[in-house]
Amino acid sequence: VPRHRLSDEIEKIVQEHLKFDLVDDFNSNIWELLAADGEMKVYRRELEENGIVLDPLKAVHSVKGVTGHEVCKYFWDPAVRMEWEGTLDSSRMLEALSDDTLIFNQVHKRVWPAAQRDTCFWSHIRSVSKENKNDLDDWIVVNYSTTHDSAPIKEPMIRAWANVALICSTIILNRDKYADLSSVPRENLVCKITYVAQVNPGGWAPANVLRAVYKREYPKFLKRFTQYVMDKTKKLPILL
Ligand SMILES: CC(C)(C)c1cc(CCc2ccccn2)cc(-c2ccc(S(=O)(=O)CCO)cc2)c1
């Protein structure tokens with residue numbers, strides 16, 4: 001795998017997500033259920049630093065008819081970002097560090113009476129093989145804030161910070177019926193999705209306003225993205 005200037009940081013952040021995000025810690029009382037819609041459950045933990053809301057968000061979802069590779073690919077692919085992302089004014093891919101690592105600069109729509117925000121982050125996609133060789137690989141995308149010469153911080157825009165991971169496992173129902181996995185019909189696929197996000201909005205914004213925005217925007221965002229992947233893949237051969 002070709003190495004580049006961010007390889008070490010990426011390895012550290014990706015391994016942290018793989019170690020912590022899939023722990024099922026929902027029965028402890030640290031997570032508060034924000035929203036539930038069918039199979040999708042969105043939780044938050046209240047966390048503030050110097051009066052700035054950093055509330056970690058964790059969502060789990062189960063989507064029929066798609067593979068984890070497909071979900072992660074559409075989430076990572078710069079070519080389709082504005083097709084599913086409804087919260088952005090613009091998205092620019094600044095640099096491709098390798099075939100699995102890109103750097104983005106995105107301007108977010110103003111979702112509250114505060115100044116407009118932008119983000120600059122590396123986005124890394126990879127497969128993670130399972131212990132059981134019969135299982136399909138898991139897939140993960142991590143979006144982690146970074147700096148870049150082509151994305152200078154320019155007033156009045158406020159630079160926000162994000163650490164986001166999308167981790168997907170694929171379950172094949174009636175697995176033993178299919179010798180060739182690529183002939184599995186889509187109705188026998190279930191994708192288990194874990195989405196974690198921690199955002200620092202940068203600059204001050206009222207905690208109650210931020211929490212109301214998070215409660216409204218994250219469930220909408222996840223529902224829209226997963227529906228988009230189902231619509232885009234419906235007529236396509238499955239991507240294992
Ligand atoms: C402060 C600001 C920068 C505006 C901001 C506020 C909020 C919380 C409110 C919210 C939740 C969901 C969608 C939009 N806004 C979320 C995000 C955010 C959402 C999603 C991702 S991503 O999943 O990596 C997809 C990237 O295209 C990154 C950052 C950013």
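Over the ring of which residue does the charged end of K58 sit? The charged end of K58 sits over the ring of F26, at 4.9 Å from the ring centre. The legends below describe close-up views of a predicted model.

**View 1. Charged ends of K58 and R81 over aromatic rings.** The charged end of K58 is placed over F26, 4.9 Å from the centre of the ring. F26 also forms a tilted aromatic pair with W31, with 6.4 Å centre to centre and 55° between the planes. W31 is buried, its relative accessible area being 13%. In a second contact of a charge with a ring, the charged end of R81 sits over F104, 4.3 Å from the ring centre.

**View 2. Salt bridges of R211 with E48 and D55.** The side chains of R211 and E48 form a salt bridge with an N to O distance of 3.2 Å. R211 is buried, with a relative accessible area of 13%, whereas E48 is partly exposed at 43%. R211 also forms a salt bridge with D55, in which the closest N and O atoms are 2.6 Å apart. D55 lies in the loop between strand 4 (52–53) and strand 5 (57–64), and R211 lies in helix 4, so the pair joins parts that are 156 residues apart in sequence. D55 is buried, with a relative accessible area of 2%. A network of salt bridges links R211, E48 and D55 with E32, R44 and E46.

**View 3. Salt bridge between E83 and K232.** The side chains of E83 and K232 meet at 3.1 Å, N to O. E83 is in helix 3 (residues 81–84) and K232 in helix 4, and the pair links distant parts of the chain, 149 residues apart. E83 is partly exposed, with a relative accessible area of 42%. K232 is likewise partly exposed, at 33% relative accessibility. The structure has a count of 18 salt bridges.

**View 4. Aromatic cluster containing F75 and Y195.** The structure holds 14 aromatic pairs. One of them is the edge-to-face pair of F75 and Y195, at 6.5 Å centre to centre and with 85° between the planes. F75 lies in helix 2 (residues 68–76) and Y195 in strand 12 (residues 189–200), and the pair links distant parts of the chain, 120 residues apart. Both F75 and Y195 are buried.

Technical notes
Residues numbered from 1 in each chain as written. Predicted model: local features only at pLDDT ≥ 70, side-chain atom pairs only at ≥ 80, totals over all residues. Heavy atoms only, no water. Salt bridge = Lys/Arg side-chain N within 4 Å of Asp/Glu carboxyl O. Buried < 20%, exposed > 50% of the residue type's maximum accessible area, 1.4 Å probe, protein only. Helix = DSSP H or I, 4+ residues; strand = E, 2+ residues; numbered from the N terminus. Phe/Tyr/Trp six-rings, centres within 6.5 Å; stacked < 30°, edge-to-face > 60°. Lys NZ or Arg CZ within 6 Å of the ring centre and 35° of its normal.
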